[in-house]
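Reader: I have some questions about the terms used for this model. Please set each value against its definition.

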Amino acid sequence: MAMAVAGAAPPLLEVANLCTYFHNLDGTVRAVDDVSYSVRAGEMLGVVGESGCGKSITALSIMGLVPRPAGRIVSGEIRLMGRDLVPLGEAEMRRIRGNDISMIFQEPMTALNPVLTIGYQIAETLVLHREIDRRSARLRAIEMLELVQIPDAARRAGQYPHELSGGMRQRVMIAIALACDPKLLIADEPTTALDVTVQAQILGLLRDLRDRLGTAIVLITHDLGVVAQSCDRVVVMYAGRKIEEAPVDELFRRPLHPYTRGLLASMPRISHGSAAHRGRLAEIPGTVPHLLDPPAACRFAPRCPRAQDVCRSSEPALRHDGGHSVACFFPGDGVQEIRQ
(Lines give C-alpha, C1' and ligand atoms only; values in the text may rest on other atoms or scores of the structure.)
Protein backbone atom coordinates (compact mmCIF):
# COMPACT_ATOMS: atom_id res chain seq x y z
CA MET A 1 0.00 0.00 0.00
CA ALA A 2 1.07 3.58 -0.58
CA MET A 3 3.27 5.36 1.89
CA ALA A 4 1.83 7.44 4.70
CA VAL A 5 1.72 11.16 4.09
CA ALA A 6 2.24 13.68 6.85
CA GLY A 7 -0.98 15.59 7.38
CA ALA A 8 0.69 18.70 8.82
CA ALA A 9 2.46 19.76 5.63
CA PRO A 10 0.63 22.33 3.46
CA PRO A 11 -0.66 21.05 0.13
CA LEU A 12 1.68 21.22 -2.82
CA LEU A 13 -1.29 21.68 -5.16
CA GLU A 14 -4.73 23.08 -4.33
CA VAL A 15 -7.54 23.10 -6.88
CA ALA A 16 -10.33 25.27 -5.47
CA ASN A 17 -13.84 25.60 -6.97
CA LEU A 18 -12.51 25.12 -10.50
CA CYS A 19 -14.91 25.65 -13.39
CA THR A 20 -13.66 24.95 -16.92
CA TYR A 21 -16.25 25.40 -19.68
CA PHE A 22 -16.29 24.89 -23.43
CA HIS A 23 -18.36 27.22 -25.60
CA ASN A 24 -19.67 26.09 -28.99
CA LEU A 25 -22.60 26.78 -31.32
CA ASP A 26 -24.88 24.53 -29.28
CA GLY A 27 -24.18 26.21 -25.96
CA THR A 28 -21.82 25.84 -23.02
CA VAL A 29 -20.39 22.50 -21.93
CA ARG A 30 -19.62 22.52 -18.19
CA ALA A 31 -16.76 20.04 -18.43
CA VAL A 32 -15.44 20.82 -14.93
CA ASP A 33 -17.99 22.36 -12.58
CA ASP A 34 -16.88 23.54 -9.12
CA VAL A 35 -14.21 20.90 -8.48
CA SER A 36 -11.82 21.10 -5.53
CA TYR A 37 -9.03 18.80 -4.37
CA SER A 38 -5.48 18.99 -3.04
CA VAL A 39 -2.26 16.98 -3.30
CA ARG A 40 0.57 16.96 -0.78
CA ALA A 41 4.25 16.43 -1.51
CA GLY A 42 5.03 12.75 -1.93
CA GLU A 43 1.36 11.78 -2.15
CA MET A 44 -0.35 9.79 -4.89
CA LEU A 45 -3.93 10.94 -5.49
CA GLY A 46 -6.24 8.88 -7.68
CA VAL A 47 -8.91 10.67 -9.74
CA VAL A 48 -11.55 8.21 -10.92
CA GLY A 49 -14.63 8.32 -13.13
CA GLU A 50 -16.17 7.34 -16.44
CA SER A 51 -15.03 8.86 -19.72
CA GLY A 52 -16.28 12.43 -20.01
CA CYS A 53 -16.52 13.03 -16.25
CA GLY A 54 -14.00 15.91 -16.35
CA LYS A 55 -10.94 14.27 -14.81
CA SER A 56 -8.64 14.87 -17.81
CA ILE A 57 -9.94 18.42 -18.38
CA THR A 58 -9.14 19.19 -14.75
CA ALA A 59 -5.58 17.97 -15.41
CA LEU A 60 -5.30 20.07 -18.58
CA SER A 61 -6.54 23.07 -16.59
CA ILE A 62 -3.75 22.54 -14.04
CA MET A 63 -1.22 22.36 -16.88
CA GLY A 64 -2.61 25.48 -18.59
CA LEU A 65 -3.37 23.41 -21.70
CA VAL A 66 -7.15 23.81 -22.08
CA PRO A 67 -7.82 24.06 -25.84
CA ARG A 68 -8.59 27.65 -26.81
CA PRO A 69 -10.60 29.55 -27.87
CA ALA A 70 -13.46 27.13 -27.19
CA GLY A 71 -12.35 26.18 -23.69
CA ARG A 72 -11.40 28.39 -20.77
CA ILE A 73 -11.24 28.46 -16.99
CA VAL A 74 -14.17 30.65 -15.99
CA SER A 75 -13.62 30.64 -12.22
CA GLY A 76 -11.69 29.02 -9.40
CA GLU A 77 -8.05 28.80 -8.36
CA ILE A 78 -5.18 26.40 -9.05
CA ARG A 79 -2.49 27.07 -6.45
CA LEU A 80 0.93 25.45 -6.78
CA MET A 81 3.03 26.00 -3.65
CA GLY A 82 0.64 28.83 -2.81
CA ARG A 83 0.84 30.57 -6.21
CA ASP A 84 -2.34 30.81 -8.27
CA LEU A 85 -1.64 29.59 -11.81
CA VAL A 86 -4.96 30.66 -13.37
CA PRO A 87 -4.02 34.32 -14.07
CA LEU A 88 -0.59 33.46 -15.50
CA GLY A 89 0.20 34.02 -19.16
CA GLU A 90 1.52 31.39 -21.55
CA ALA A 91 5.16 32.45 -21.16
CA GLU A 92 5.02 32.00 -17.37
CA MET A 93 3.16 28.69 -17.66
CA ARG A 94 5.76 27.42 -20.12
CA ARG A 95 8.41 27.94 -17.43
CA ILE A 96 6.30 26.05 -14.89
CA ARG A 97 5.43 23.13 -17.19
CA GLY A 98 8.25 20.61 -17.17
CA ASN A 99 10.10 22.30 -14.33
CA ASP A 100 7.42 22.20 -11.61
CA ILE A 101 4.57 20.19 -13.17
CA SER A 102 4.77 17.48 -15.82
CA MET A 103 2.15 15.29 -17.45
CA ILE A 104 2.20 11.80 -18.92
CA PHE A 105 -0.38 11.67 -21.70
CA GLN A 106 -2.60 8.70 -22.54
CA GLU A 107 -1.11 7.51 -25.83
CA PRO A 108 2.70 7.25 -25.89
CA MET A 109 2.77 6.31 -29.59
CA THR A 110 1.05 9.54 -30.58
CA ALA A 111 2.70 11.68 -27.88
CA LEU A 112 6.22 10.71 -29.00
CA ASN A 113 7.61 12.10 -32.26
CA PRO A 114 8.07 9.11 -34.61
CA VAL A 115 10.99 10.66 -36.54
CA LEU A 116 13.18 11.58 -33.55
CA THR A 117 15.13 9.19 -31.35
CA ILE A 118 13.90 8.80 -27.80
CA GLY A 119 17.21 10.10 -26.45
CA TYR A 120 16.84 13.27 -28.51
CA GLN A 121 13.28 13.78 -27.26
CA ILE A 122 14.30 13.50 -23.60
CA ALA A 123 17.31 15.76 -24.20
CA GLU A 124 15.13 18.33 -25.99
CA THR A 125 13.04 18.71 -22.82
CA LEU A 126 16.18 19.44 -20.82
CA VAL A 127 17.57 21.92 -23.38
CA LEU A 128 14.22 23.74 -23.46
CA HIS A 129 13.62 23.96 -19.71
CA ARG A 130 17.11 23.81 -18.19
CA GLU A 131 19.12 25.48 -20.98
CA ILE A 132 21.99 22.98 -20.75
CA ASP A 133 24.24 21.97 -23.63
CA ARG A 134 23.37 19.05 -25.91
CA ARG A 135 26.09 16.72 -24.64
CA SER A 136 25.04 17.16 -21.00
CA ALA A 137 21.40 16.75 -22.00
CA ARG A 138 22.15 13.47 -23.81
CA LEU A 139 24.00 12.09 -20.79
CA ARG A 140 21.09 13.10 -18.58
CA ALA A 141 18.68 11.42 -21.04
CA ILE A 142 20.54 8.13 -20.63
CA GLU A 143 20.39 8.54 -16.85
CA MET A 144 16.64 9.05 -17.08
CA LEU A 145 16.21 5.89 -19.16
CA GLU A 146 18.15 4.01 -16.49
CA LEU A 147 15.95 5.59 -13.79
CA VAL A 148 12.79 4.21 -15.43
CA GLN A 149 14.46 0.80 -15.67
CA ILE A 150 15.02 0.57 -19.42
CA PRO A 151 17.91 -1.88 -19.97
CA ASP A 152 20.86 -1.00 -22.20
CA ALA A 153 19.88 2.66 -21.91
CA ALA A 154 22.69 4.10 -24.05
CA ARG A 155 21.68 1.94 -27.03
CA ARG A 156 17.97 2.50 -26.50
CA ALA A 157 18.54 6.27 -26.51
CA GLY A 158 19.44 6.00 -30.20
CA GLN A 159 16.25 4.12 -31.13
CA TYR A 160 12.96 5.45 -32.49
CA PRO A 161 9.55 5.00 -30.82
CA HIS A 162 8.40 2.29 -33.26
CA GLU A 163 11.36 0.13 -32.19
CA LEU A 164 10.07 -0.05 -28.60
CA SER A 165 7.21 -2.01 -27.08
CA GLY A 166 4.18 -0.23 -25.62
CA GLY A 167 5.51 -0.63 -22.10
CA MET A 168 8.92 0.73 -23.10
CA ARG A 169 7.30 3.75 -24.79
CA GLN A 170 5.33 4.47 -21.63
CA ARG A 171 8.57 4.35 -19.63
CA VAL A 172 10.08 6.86 -22.09
CA MET A 173 7.09 9.15 -21.50
CA ILE A 174 7.71 8.91 -17.75
CA ALA A 175 11.41 9.67 -18.32
CA ILE A 176 10.53 12.80 -20.33
CA ALA A 177 8.06 13.92 -17.66
CA LEU A 178 10.60 13.47 -14.85
CA ALA A 179 13.64 14.84 -16.70
CA CYS A 180 13.52 18.24 -15.00
CA ASP A 181 12.67 16.91 -11.51
CA PRO A 182 9.10 18.28 -11.30
CA LYS A 183 7.40 18.48 -7.93
CA LEU A 184 4.09 17.22 -9.37
CA LEU A 185 3.50 14.54 -11.99
CA ILE A 186 0.07 14.08 -13.61
CA ALA A 187 -0.36 10.63 -15.12
CA ASP A 188 -3.41 10.48 -17.41
CA GLU A 189 -4.46 6.83 -17.87
CA PRO A 190 -0.80 5.70 -17.95
CA THR A 191 -1.68 1.99 -18.25
CA THR A 192 -4.38 2.22 -20.95
CA ALA A 193 -3.86 -0.25 -23.84
CA LEU A 194 -1.11 -2.11 -21.97
CA ASP A 195 -1.45 -5.76 -21.04
CA VAL A 196 -1.96 -6.65 -17.37
CA THR A 197 1.66 -7.61 -16.70
CA VAL A 198 3.00 -4.37 -18.18
CA GLN A 199 0.34 -2.35 -16.34
CA ALA A 200 1.61 -3.77 -13.05
CA GLN A 201 5.20 -2.90 -14.01
CA ILE A 202 4.29 0.71 -14.86
CA LEU A 203 2.31 1.17 -11.63
CA GLY A 204 5.18 -0.34 -9.64
CA LEU A 205 7.58 2.04 -11.38
CA LEU A 206 5.43 5.08 -10.50
CA ARG A 207 5.25 4.00 -6.86
CA ASP A 208 9.00 3.42 -6.75
CA LEU A 209 9.75 6.82 -8.30
CA ARG A 210 7.35 8.51 -5.89
CA ASP A 211 9.06 6.85 -2.92
CA ARG A 212 12.59 7.57 -4.16
CA LEU A 213 12.14 11.08 -5.53
CA GLY A 214 9.30 12.38 -3.35
CA THR A 215 7.32 13.44 -6.43
CA ALA A 216 3.61 14.00 -5.87
CA ILE A 217 1.47 12.15 -8.42
CA VAL A 218 -2.09 12.67 -9.65
CA LEU A 219 -3.13 9.35 -11.21
CA ILE A 220 -6.11 9.71 -13.55
CA THR A 221 -7.90 6.47 -14.33
CA HIS A 222 -11.27 4.78 -14.83
CA ASP A 223 -9.97 1.64 -13.11
CA LEU A 224 -10.53 1.35 -9.36
CA GLY A 225 -8.23 -1.67 -9.30
CA VAL A 226 -5.36 0.60 -10.36
CA VAL A 227 -6.26 3.03 -7.57
CA ALA A 228 -6.38 0.25 -4.97
CA GLN A 229 -2.82 -0.82 -5.86
CA SER A 230 -1.21 2.59 -5.89
CA CYS A 231 -2.92 5.58 -4.31
CA ASP A 232 -3.12 7.22 -0.89
CA ARG A 233 -6.42 9.00 -1.51
CA VAL A 234 -9.04 8.93 -4.22
CA VAL A 235 -11.39 11.52 -5.73
CA VAL A 236 -14.46 10.18 -7.55
CA MET A 237 -15.86 12.43 -10.29
CA TYR A 238 -19.17 12.25 -12.12
CA ALA A 239 -20.53 14.53 -14.86
CA GLY A 240 -18.00 17.30 -14.21
CA ARG A 241 -18.26 17.25 -10.42
CA LYS A 242 -16.48 15.72 -7.44
CA ILE A 243 -18.96 13.46 -5.68
CA GLU A 244 -16.77 11.61 -3.16
CA GLU A 245 -13.28 11.77 -1.68
CA ALA A 246 -11.61 9.54 0.91
CA PRO A 247 -8.42 7.68 1.79
CA VAL A 248 -8.22 4.61 -0.45
CA ASP A 249 -8.71 2.04 2.32
CA GLU A 250 -11.70 3.97 3.67
CA LEU A 251 -13.33 4.30 0.26
CA PHE A 252 -13.07 0.59 -0.50
CA ARG A 253 -14.23 -0.35 2.99
CA ARG A 254 -17.09 2.17 3.24
CA PRO A 255 -18.13 3.76 -0.08
CA LEU A 256 -20.85 6.34 0.55
CA HIS A 257 -22.05 7.56 -2.85
CA PRO A 258 -24.32 5.24 -4.89
CA TYR A 259 -22.15 5.87 -7.95
CA THR A 260 -18.98 4.81 -6.11
CA ARG A 261 -20.79 1.73 -4.81
CA GLY A 262 -21.86 0.95 -8.38
CA LEU A 263 -18.30 1.28 -9.67
CA LEU A 264 -17.02 -1.07 -6.97
CA ALA A 265 -19.82 -3.57 -7.63
CA SER A 266 -18.92 -3.63 -11.33
CA MET A 267 -15.31 -4.70 -10.68
CA PRO A 268 -14.52 -8.35 -11.60
CA ARG A 269 -13.73 -10.50 -8.58
CA ILE A 270 -12.18 -13.88 -7.87
CA SER A 271 -14.32 -16.13 -5.69
CA HIS A 272 -13.47 -19.26 -3.64
CA GLY A 273 -9.74 -18.62 -3.75
CA SER A 274 -8.99 -19.47 -7.37
CA ALA A 275 -12.14 -20.00 -9.43
CA ALA A 276 -13.31 -16.99 -11.43
CA HIS A 277 -16.70 -15.62 -10.49
CA ARG A 278 -19.07 -16.65 -13.28
CA GLY A 279 -22.06 -14.48 -12.38
CA ARG A 280 -23.03 -11.44 -14.39
CA LEU A 281 -21.13 -8.29 -13.46
CA ALA A 282 -23.19 -5.54 -11.86
CA GLU A 283 -23.81 -2.53 -14.07
CA ILE A 284 -24.89 1.06 -13.58
CA PRO A 285 -28.01 1.60 -15.73
CA GLY A 286 -28.45 4.60 -18.00
CA THR A 287 -25.85 7.02 -19.34
CA VAL A 288 -23.90 10.03 -18.12
CA PRO A 289 -25.94 13.24 -18.66
CA HIS A 290 -24.87 15.57 -21.44
CA LEU A 291 -22.95 18.45 -19.93
CA LEU A 292 -24.60 20.95 -22.28
CA ASP A 293 -27.75 20.51 -20.23
CA PRO A 294 -26.97 18.68 -16.97
CA PRO A 295 -29.74 18.03 -14.43
CA ALA A 296 -30.39 21.03 -12.19
CA ALA A 297 -30.46 18.75 -9.15
CA CYS A 298 -28.33 15.66 -8.42
CA ARG A 299 -26.61 14.69 -11.68
CA PHE A 300 -26.65 11.01 -10.78
CA ALA A 301 -30.36 10.93 -9.85
CA PRO A 302 -31.58 9.64 -13.28
CA ARG A 303 -29.36 6.53 -12.82
CA CYS A 304 -29.57 6.13 -9.06
CA PRO A 305 -31.53 3.18 -7.62
CA ARG A 306 -32.28 5.06 -4.41
CA ALA A 307 -33.16 8.50 -5.85
CA GLN A 308 -36.11 10.25 -4.20
CA ASP A 309 -37.95 13.51 -4.80
CA VAL A 310 -35.33 15.62 -3.01
CA CYS A 311 -32.63 14.20 -5.31
CA ARG A 312 -34.57 15.33 -8.39
CA SER A 313 -35.32 18.80 -7.06
CA SER A 314 -32.18 19.83 -5.14
CA GLU A 315 -28.45 19.54 -5.60
CA PRO A 316 -26.63 17.85 -2.69
CA ALA A 317 -23.77 19.81 -1.20
CA LEU A 318 -20.45 18.14 -0.49
CA ARG A 319 -20.46 17.12 3.17
CA HIS A 320 -17.37 16.21 5.18
CA ASP A 321 -16.97 13.48 7.80
CA GLY A 322 -13.34 13.64 8.87
CA GLY A 323 -11.27 12.76 5.81
CA HIS A 324 -14.29 11.36 3.94
CA SER A 325 -16.57 13.65 1.92
CA VAL A 326 -19.61 12.90 -0.22
CA ALA A 327 -22.24 14.80 -2.21
CA CYS A 328 -25.38 12.73 -1.60
CA PHE A 329 -28.66 13.05 0.33
CA PHE A 330 -28.73 9.31 1.11
CA PRO A 331 -25.11 8.16 1.51
CA GLY A 332 -23.94 4.79 2.74
CA ASP A 333 -26.86 2.41 3.15
CA GLY A 334 -29.24 5.09 1.90
CA VAL A 335 -31.65 4.81 4.82
CA GLN A 336 -31.54 8.33 6.20
CA GLU A 337 -31.56 11.59 4.33
CA ILE A 338 -28.80 14.09 5.13
CA ARG A 339 -30.32 17.57 5.20
CA GLN A 340 -28.28 20.38 3.73
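**Terms and values**

Author: Gln170 lies in helix α7, residues 166–178. Helices are DSSP runs of H or I with at least four residues, strands are runs of E with at least two, and both are numbered from the N terminus. This is a predicted model, in which local features need pLDDT of at least 70, side-chain atom pairs count only at pLDDT 80 or more, and totals for chains, interfaces and linings use all residues. Residues are numbered from 1 along each chain as its sequence is written, and side-chain values use heavy atoms, with hydrogens and water left out.

Reader: Why is Gln170 called buried?

Author: Buried means under 20% relative accessible area, exposed over 50%, and partly exposed in between, with a 1.4 Å probe and protein chains only. Gln170 has 0% relative accessibility, so Gln170 counts as buried.

Reader: What does the side chain of Gln170 reach?

Author: The side chain of Gln170 reaches the backbone oxygen of Pro190 at 2.6 Å. A polar contact is a pair of N or O atoms within 3.5 Å; within protein, one must be able to donate a hydrogen and the other to accept it, and residues adjacent in sequence count only if both atoms are side-chain atoms.

Reader: Why does Arg169 count as buried?

Author: Arg169 is also found in helix α7. Its relative accessibility is 16%, and therefore Arg169 counts as buried. The C-alpha atoms of Arg169 and Ile118 are separated by 8.8 Å, although the two residues are 51 apart along the chain.

Reader: What makes α4 and α7 roughly parallel?

Author: Helix α4 (residues 118–130) and α7 pack at an angle of about 20 degrees, with axes 8 Å apart. Axes are lines fitted to C-alpha atoms, for helices over the stretch in contact, and angles run from 0 to 180 degrees between N-to-C directions. Angles under 35 degrees count as roughly parallel, over 145 as roughly antiparallel, 65 to 115 as roughly perpendicular and the rest as oblique. α4 and α7 are therefore roughly parallel to each other. The contact (heavy atoms within 4.5 Å) is made by Ile118, Gln121, Ile122 and Thr125 of α4 and Val172, Ala175 and Ile176 of α7.

Reader: How many bridges join β1 to β2?

Author: Two strands pair if DSSP finds at least two bridges between them. Strand β1 is joined to strand β2 (residues 27–39) by 9 bridges, and the two run antiparallel. The bridge partner of Phe22 in β2 is Val29.
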